[in-house]
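Trainee: I want to check some labels against their definitions. Can we go through them one at a time?

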Amino acid sequence: MPPELTGVAVLAVHNVAVHRLLPAPADAVVNLATAVGIAGFARRVGCSAGDLGIRPDDAASGLRLGLAAAAVAGGGVALGAAVPGTRRFFHDRRVSDVGRGEAAYHVAVRIPFTTALAEELLYRGALLALFRRRRSDASAVLWTSLLFGASHVLPTLDHYQGNPASTLVEDAGRGRRLAVLATTLSTTAAGGVFALLRLRSRSLLAPVLAHAAVNVSAFLAGRWVVRVQGRG
């Protein structure tokens with residue numbers, strides 16, 4: 001079996017395990033462990049540190065581009081939360097109902113490390129490197145972005161109830177289908193942007209920072225919107 005297909009097969013099993021079999025926080029630990037494991041597999045089949053985006057010499061370039069992308073991403077989320085027309089999409093009780101201690105864990109540990117770092121090492125590190133061995137950069141970016149989008153199908157179904165999008169469509173079945181489609185398309189596009197950041201900077205640090213900025217800012221925006229609307 002080609003190495004990239006081995007990586008995809010492991011990814012498929014992993015996706016089912018973390019979203020159907022494992023409770024939190026075990027799922028987060030397995031997420032990071034799987035990413036490290038597939039990265040190690042990529043090294044064994046011939047991918048270099050540069051191929052994976054973890055070469056120390058490229059860290060400065062990744063830091064510069066990553067911080068710029070993080071600022072743009074965080075600013076975009078903040079603007080969306082501030083504008084009344086889009087603010088309702090951030091009204092998520094799953095985010096606001098957690099206590100301060102759990103919120104701090106999500107912001108400081110789960111999102112930056114077991115989500116952003118793990119997913120970037122997996123998709124823009126190991127899988128992108130494996131696909132680039134026998135395919136063009138464009139093809140590698142496309143396939144890894146599609147896989148990244150597909151990986152969000154199960155969590156979208158799991159968390160549909162209580163999500164702001166669930167109030168937009170009266171028919172629950174149709175609403176779930178639309179939510180899956182919208183989430184898959186948006187995360188596929190995000191995966192493409194993250195991959196371009198990785199290739200442009202040559203460092204995995206750039207997409208890790210951008211990814212963490214999007215998720216952390218969305219989490220904090222959700223808590224802020226519920227608090228503000230509660231006072232109103």
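Trainee: What makes helix 7 oblique to helix 8?

Mentor: The axes of helix 7 (residues 100-132) and helix 8 cross at roughly 140° and come within 9 Å. Angles under 35 degrees count as roughly parallel, over 145 as roughly antiparallel, 65 to 115 as roughly perpendicular, and the rest as oblique. Therefore helix 7 is oblique to helix 8. The crossing is right-handed. This is a predicted model: local features need pLDDT of at least 70, side-chain atom pairs count only at pLDDT 80 or more, and totals for chains, interfaces and linings use all residues. Residues are numbered from 1 along each chain as its sequence is written, and side-chain values use heavy atoms, with hydrogens and water left out.

Trainee: Which residues of helix 7 meet helix 8?

Mentor: Contact means heavy atoms within 4.5 Å. Glu-119, Tyr-123, Arg-124, Leu-127, Leu-128, Phe-131 and Arg-132 in helix 7 qualify. Their partners in helix 8 include Trp-143 and Leu-147. The residues of this contact divide into 9 nonpolar, 1 polar and 4 charged. Ala, Val, Leu, Ile, Met, Phe, Trp, Tyr, Cys and Pro count as nonpolar, Asp, Glu, Lys and Arg as charged, and the others, Gly among them, as polar.

Trainee: Why is Thr-115 called buried?

Mentor: Its relative accessible area is 12%. Buried means under 20%, exposed over 50%, partly exposed in between (1.4 Å probe, protein chains only). So Thr-115 is buried. Thr-115 lies in helix 7. Leaving aside neighbours within four places in sequence, Thr-115 is in contact with Asn-31, Arg-110, His-211 and Asn-215.

Note on methods:
Axes fitted to C-alpha atoms, helices over the stretch in contact; angles between N-to-C directions. Helix = DSSP H or I, 4+ residues; strand = E, 2+ residues; numbered from the N terminus. Left-handed = near helix turned anticlockwise from the far one by under 90°.
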